[in-house]
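Here is a short report on one protein model. Keep the structure open beside the text as you read.

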Amino acid sequence: MTRTVTDTPGGEQRNEHTYDVVVIGAGPVGENVVDRVRAAGLSAAIVESELIGGECSYWACMPSKALLRPALARSDARKVPGLRGAVGGPLDAREVLAHRDATVGHWKDGGQVDWLDSIGVRVHRGHGRLDGPRRVTVVRPDGGREVLTARHAVAVCTGSRALLPDLPGLADARPWTSREATSADEVPGRLIVVGGGVVGVEMATAWQALGARVTMLVRGGGLLPRMEPFVGEHVAEALAARGADIRTGASVSAVEREGDTGPVTVVLEDGARIEGDEVLFATGRAPRTDDLGLETVGLEPGSWLDVDDSLKVSGSDWLYAVGDVNRRALLTHQGKYQARIAGAAIAARASGSTDLDTGRWGAHAATADHAAVPQVVFSDPEAAAVGLTLAEAERAGRRVRAVDLDMTQVAGAGLYADGYRGHARMVVDLEREIVLGATFVGPGIGELLHSATVAVTAEVPVARLWHAVPSYPTLSEAWLRLLEAYRG
C-alpha cells in the first residue's frame, strides 16, 4: 500500500508505503531475509544506501578471493612436477586486477536489482533509519523522504565496518581498510599490514603474490589467534619464506604520511619506524548501527544488537538483527544462515504461530552460531576450522581429547604437491564420543571443511564415522588417519 502525504507547515511531500516486512541493508544477509519471507508469501521491501549486494559482493568475499585465487593456483602449480617450470614467472597483475573488477561487476549492481525485482521485492534507495516501532524513514539520494511501515517485522541487516584505532596521524595518512585493500587498482611497492587476523593474512598473501613487499605488524604472539596455534605457525612460516617480514608483539603508536602521495611511516611503541607505500589496518570491525535510529526504539546507537536464537532483538516482538550486527559470527555464510532462520521465524509469527521450533537445531533456531561455525582462510597454505578448538572445549569444561595428524601421512597430500606440509586436528568429546571441532591447514585443505561441518553439526558418533570411507587417494583420507589415531 502506498500513499503520498504532505507535511505542514513546510509543504514537504513524502511517500508512505506499507509492507509485511521491511529490511534495512541489501547485502547477502538482507537479500536472504527478503527471499525467505517472499517465499512464505509475505510482501517485502529492502532499503540500501550503497550497492545492492553489500560488502561481501563488492569489497570483501568476492574481490578478495578473486585476488587470491591466482596466487594460490600458482603456488600449488609450482609444487607439481612437470608444471613448475611453466609457472615460474610473476603474476600478470593487470590481468588479475581486471578479473577482480569483472568479478564484482565493475561495482555496478544492476543484476542484483533485477533479481530482487524478479521475486517481487521493492528496492528503496537511500539511508534508512528506524523511526519508532515498525517504522523506517528513508532519505533518498535526491533528498526526498519515504516512510515504510512494517505490519510484522523490521530486520536490521546493515553489517559491519572496519574499525580504525585512535592513533596520532592516522586519519591524515589515509590508511587502507579492507575496502581499499580489495579494490585498489595498483600494486603498492611496499605494503604494511597492521593486524594478524583473517583480513590481514589474506591481503598480505594476495598483495605479496602480486609483487608487493609485505611487512606484517601483529600486536599478539602470532597469526590467526582464534584458530588452533599450529595454523598461525604454518601460515607465518610460509609467508616469511616468500619474503614477508612478520613482527609479533608490535604495537603501533603513530602513523605519518609525507604529503598527499608520499610514503607512509608507521611508528611502533618501541620507537622503531617502518616505511611503506601503503598501510592496511585490519584491526577489527564495528557495527553499522550508529546512524540507524536505534534511540527511537530504546536502543543505544552504535551498539551491537543482542538477539535470541530466532534473531529477534531482545525485548522486542518485531525487530530482528541479522548478520554482523548481532556479533554472533561475522561471516557472510553464517549471516546468510541466520537470514534463513530469521525469515522462517518471521513468517511463522506472521501466520499467528506461537509454537516455534526454537530448540537446539530447530527450524527457528540459529544453533550453528554456537556449535558449528565453519571458516576457511584463503591464505597460502589454506586454513579451515569448524566447531571448538581444544582450548575452547577445555574452557567450556568438556572432557575432550585432541587427535593430531601430520598431513604427510595422507597419500593424497604427496600427490597434491611435492613437499606438501600441513596439519589436522580433531577434538572429540569423550563422554558422548562425537566430534566437537576440526581444524586443518595445508594446500587445498578448504575442501575438507564441509565434511567436518556435517560431522560436527549432525553430532555423528565417532563409531559411525569409522564407516564413512574416504576415497583413495584424496586429501579426505585425513579423516581415516584421524580416526585410526583416536582408536589406537
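## A residue to start with

Which strand does Val427 lie in? Val427 sits in strand S21, residues 423-429. Helices (H or I, at least four residues) and strands (E, at least two) are DSSP runs, numbered from the N terminus.

Val427 is buried, with a relative accessible area of 1%. Buried means under 20% relative accessible area, with exposed over 50% and partly exposed in between (1.4 Å probe, protein chains only). Val427 touches residues including Glu228, Leu388, Val400, Ile434 and Leu436, leaving out those up to four places away in sequence. Contact means heavy atoms within 4.5 Å. Lys312 is 115 residues from Val427 along the chain, and their C-alpha atoms are separated by 32 Å.

## About the model

This is a predicted model: local features need pLDDT of at least 70, side-chain atom pairs count only at pLDDT 80 or more, and totals for chains, interfaces and linings use all residues. Residues are numbered from 1 along each chain as its sequence is written, and side-chain values use heavy atoms, with hydrogens and water left out.

## Helices H1 and H9

Take H1 (residues 28-39) and H9 (residues 332-350). Their axes come within 8 Å and cross at roughly 25°. Axes are lines fitted to C-alpha atoms, for helices over the stretch in contact, and angles run from 0 to 180 degrees between N-to-C directions. H1 and H9 are therefore roughly parallel to each other. Angles under 35 degrees count as roughly parallel, over 145 as roughly antiparallel, 65 to 115 as roughly perpendicular and the rest as oblique.

H1 brings Pro28, Val29, Asn32, Val33, Arg36 and Val37 to the contact, and H9 brings residues including Gly335, Ala339 and Ile346.

## Helices H3 and H7

H3 (residues 61-77) and H7 (residues 198-209) pack at about 60°, with axes 9 Å apart. H3 and H7 are therefore oblique to each other. Among the contact residues are Leu67, Leu68 and Ala71 of H3, and Met203, Ala206 and Trp207 of H7.

## The nonpolar cores

A nonpolar core is a set of buried Ala, Val, Leu, Ile, Met, Phe, Trp, Tyr and Cys residues joined through side-chain atoms within 4.5 Å. Which members of the largest one touch the most others? They are Val154 and Val322, in a core of 49 residues. Elements giving two or more residues to this core include H1, H9 and strand S7 (145-156).

Val322 touches Val29 and Val33, and also Gly335 and Ala339, among others. Another core, of 38 residues, lies apart from the largest one; Ala181, Leu191, Val193 and Val377 are among its members.
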